[in-house]
Amino acid sequence: MSFAALYPRTTRTRWIEDLSGMWDFCFDPQREGEAAGWPKAGLPHPRTMPVPASFNDVFTDKESREYYGDFWYARKVFIPAAWKDRNVDVRFDAATHRATVYLNGQKLAFHEGGFTPFVAHLNDAVLWDDWNYLAVKVNNELSEQTLPAGGTATLHDGTKIAAPYFDFFNYSGLNRTVRLLATPQERIEGFTVVTEIADAADGSAGAQIHYKTETTGTHAVRVTALDEEGQEAGHAEGAQGTITIDHAHLWNLHAAYLYTFMVEIWDGEKLIDQWFDEIGLRTVEISHRSILLNGHPIYLKGFGRHEDSNLHGRGFDPVVMQRDFELLEWIGANSFRTSHYPYAEEELYEADRRGFFVIDEVAAVGMLRSTKNFADATTKAQGATFFDDPSVMEKMLPVHLQALKELIERDKNHASVCAWSLFNEPDFSSPNAVPYAEKVFEAARELDPQKRPRSYTNVTRCRAGIDKCTHLADFMMLNRYDGWYVSGGPRIADARDILVEELHTWEELEPDKPFIFTEYGCDTMAGLHKLPSVMWSEEYQLEYFEVQHEIFDSFDWIVGELPWNLCDFQTTEGVLRVDGNKKGIFTRDRQPKAIAHLLRKRWHTLPDYLDDFVPEK
């Protein structure tokens, strides 16, 4: 396990300096920075740039906003002599899409993947008790060997711009927090929990928490579980073992309970290292047509989302995060999917605290060769498909498996993370997709100690009977836009028939799996009203959702509805995009459209648990 996967905690043995703020920044279109000595001599004529944030929407000129290639961040950091006998690392929560880290001109780390954390170990390059020059070269280019996938377009003047195979803007930069960490030489580098729950004779729940700790030394390990009042609930000695908690408080939807697991290394009476995490106790499994949380069947109500906001782009903003969770609770949601990439860890900790079911998605989006995939996703594949290219198995699969490994290492202990989404809208219409998908599904099962359910979002061009990989999914997730991209406007009655007919086919093909609609919706301009309705009006969005709800309520094996999207979000420019995707239930500035009130009424009526179970809050 990588030390980067442990969320940074300040404890009696660990120190953190947050490096958020203004950094030096410059573009490097000629890729000359390394040869010119920028990592040591400094960036030429730098401008300032906030971290965390995407750089794109800070600028007022299109060339800078659309910049594609190498770019640099740099700043000075003071490292005290008191840290000399410790491990000193810099942790990047994310750098989109790849980064090379230098300290005082010395190259220390390289990381591929824009949505998971990595560290650079600094000790060999540090000037102790002095200022040190930290520089990071970032690159935001896409290819068919990157996640997410895409290509490059070249303008007449030679300028390169992104040609993404996905329908969201390629926001780039140091989008999440950067921290300087000082930890002991002998330290905790990994911690894993798996929960077993058994009902006691008195009706209470007993929990056995099997844990495993990874350290860099051989001294004694002690793990203590503390309840929410700070009282010890159980403990164990040893790097791995089992903690038993009688009368355990379980983690449930909108009734979260978190235990603090304190992990310590001791040398006799001397504390060597200390780290903690807040973890909920729960089980999740698939049984016939149901998703069971702690043995109870649940109905998911929520959204596909995006990390996207004005000015920040994909940059993490705790205010935006908090507002989104307030909207989720106001509307009666209990779940969301991290479409289409791993979200900031803070999002998952908030979901833990509030009791949200999260479908955690690796950034495997764009596995359909199209720069307007939102339209092409609804048409039948013509000729060779993405997975018919042998280079996909050869070059993309290793990248996919590494991204999945980093995702599961980072998120494996979150109670809110109840399922994995391993692909978004892949073109699985070819038999050649099967061996690729098998490798990914097998890896997810092997990597996840909790053996969570695994799935992917089935795309319209791979309707029932076309998709070759459905046998791999533990439950099915459908993305459908019948009534929008298919048979929209006055043909919406046809759209209803098309979808109902397909669902009857699914009923025969997959008779033992629950289904969730993970995307459905229609673009709607807030404030546009028309009677009778037309597409893009708020009235049409209401009519569209009423048709969807009638369909969902007709099939008892549909156990979740996650419309697209919580909020409007930015995309690449196009004639079918009016300053982005407008399928949000809320606007990009987090204000409700009329549909929000219809969903709120429905979702506050639909129970979270289908067996009338009411968890203690």
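**Cores, helix packing and backbone geometry in a predicted model**

Leucine 503 touches Leu478, Phe517, Ile551, Phe555, Trp557 and Ile558, leaving aside residues up to four places away in sequence; contact here means heavy atoms within 4.5 Å. The structure is a predicted model, in which local features need pLDDT of at least 70 and side-chain atom pairs count only at pLDDT 80 or more, while totals for chains, interfaces and linings use all residues. Residues are numbered from 1 along each chain as its sequence is written, and side-chain values use heavy atoms, with hydrogens and water left out.

Leu503 also belongs to the largest nonpolar core, which has 107 residues; Phe357, Phe423 and Leu503 have the most contacts inside this core. Helix α7 (residues 433–447) gives the most to it, with eight residues. A second, separate core of 34 residues includes Phe55, Val77, Val90 and Phe118. A nonpolar core is a set of buried Ala, Val, Leu, Ile, Met, Phe, Trp, Tyr and Cys residues joined through side-chain atoms within 4.5 Å. Buried means under 20% relative accessible area, exposed over 50%, and partly exposed in between, with a 1.4 Å probe and protein chains only. Helices (H or I, at least four residues) and strands (E, at least two) are DSSP runs, numbered from the N terminus.

Burial also marks helix α4 (residues 345–354): nine of its ten residues are buried, so this helix is largely enclosed by the rest of the structure. The buried residues are Glu345, Glu346, Glu347, Leu348, Tyr349, Glu350, Ala351, Asp352 and Arg354. Glycine 355 follows α4 and has a positive phi, near 75 degrees.

The axes of helix α9 (residues 538–552) and helix α10 (residues 594–603) come within 9 Å and cross at roughly 25 degrees. Such axes are lines fitted to C-alpha atoms, for helices over the stretch in contact, and angles run from 0 to 180 degrees between N-to-C directions. The contact residues divide into seven nonpolar, two polar and three charged; Ala, Val, Leu, Ile, Met, Phe, Trp, Tyr, Cys and Pro count as nonpolar, Asp, Glu, Lys and Arg as charged, and the others, Gly among them, as polar.

Two cis peptide bonds may be described. One runs from valine 51 to proline 52, with omega near 5 degrees, and proline 52 is placed in the loop between β3 (47–51) and α2 (62–65). Another joins leucine 147 and proline 148, with omega about 0 degrees; proline 148 lies in the loop between β9 (130–139) and β10 (150–154).

Positive phi values also occur at residues other than glycine. Asparagine 104 has a phi of about 55 degrees and is located in the loop between β6 (98–103) and β7 (106–112). Its relative accessibility is 19%, so asparagine 104 counts as buried. Histidine 247 has a positive phi of about 50 degrees, and its place is the loop between β17 (240–245) and β18 (259–267). With 51% relative accessibility, histidine 247 counts as exposed.
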